[in-house]
Amino acid sequence: EPAARPPFLPAISCCCATMASKLLPVALVLACVMALLNSLAFVGSKPVLRGSNMARKAIEDELTREVVELFFTAPAQGERSRINVTPDTTAEELLKMGRKALGFDQDWIPDSDFKLYNAEDESKPITGPMKDNGLTNFGYEVHMYFEPASY
């Protein structure tokens, strides 16, 4: 003979089943409304910027610093380093510093086999002083590529 159940158990299970069947649609609607409200929580108008973007861009593009940190990148190898230069540092000097920083300073590979490019315009190699190659106070990046004259 099965064990006797407490007298309140059948009443609760019957009551819960009826209540659950009535509350399920309400709970689903409530869950959908909450999901919709949550998805809209981060949508809204843009915050008002202090100052003009154009004025900030002009300040960033103007070279006013005596020492500038730039990114020296070898994209083909996935290597990158930060190097401090002056506006009068030449691209040739930067190439030597960059090769050493990235570990590409083998004596048997001449500097002439590497070319430096401004990361924003890789149409022609950069040469001469960095101030003549678009050097800016912030965010300037140079890409180094291995381009030997002959194989």
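**Burial, exposure and contacts in a predicted model**

Tutor: D113 is buried but has no salt bridge, and K115, its nearest side chain of opposite charge, is 6.3 Å away. This is a predicted model, in which local features need pLDDT of at least 70, side-chain atom pairs count only at pLDDT 80 or more, and totals for chains, interfaces and linings use all residues. Residues are numbered from 1 along each chain as its sequence is written, and side-chain values use heavy atoms, with hydrogens and water left out.

Student: Why is D113 said to have no salt bridge?

Tutor: A salt bridge requires a side-chain nitrogen of Lys or Arg within 4 Å of a carboxyl oxygen of Asp or Glu. K115, the nearest side chain of opposite charge, is 6.3 Å away, so D113 has no salt bridge.

Student: Which residues is D113 in contact with, leaving aside neighbours within four places in sequence?

Tutor: They are Y145, F146, E147, P148 and A149, where contact means heavy atoms within 4.5 Å.

Student: Why does L37 count as exposed?

Tutor: Buried means under 20% relative accessible area, exposed over 50%, and partly exposed in between (1.4 Å probe, protein chains only). L37, in helix α1 (residues 9-40), has 51% relative accessibility and therefore counts as exposed.

Student: What makes Q77 partly exposed?

Tutor: Q77 lies in the loop between β1 (68-74) and β2 (79-85). Its relative accessibility is 43%, so Q77 counts as partly exposed.

Technical notes
Helix = DSSP H or I, 4+ residues; strand = E, 2+ residues; numbered from the N terminus. Lys, Arg positive; Asp, Glu negative; His and termini not counted.
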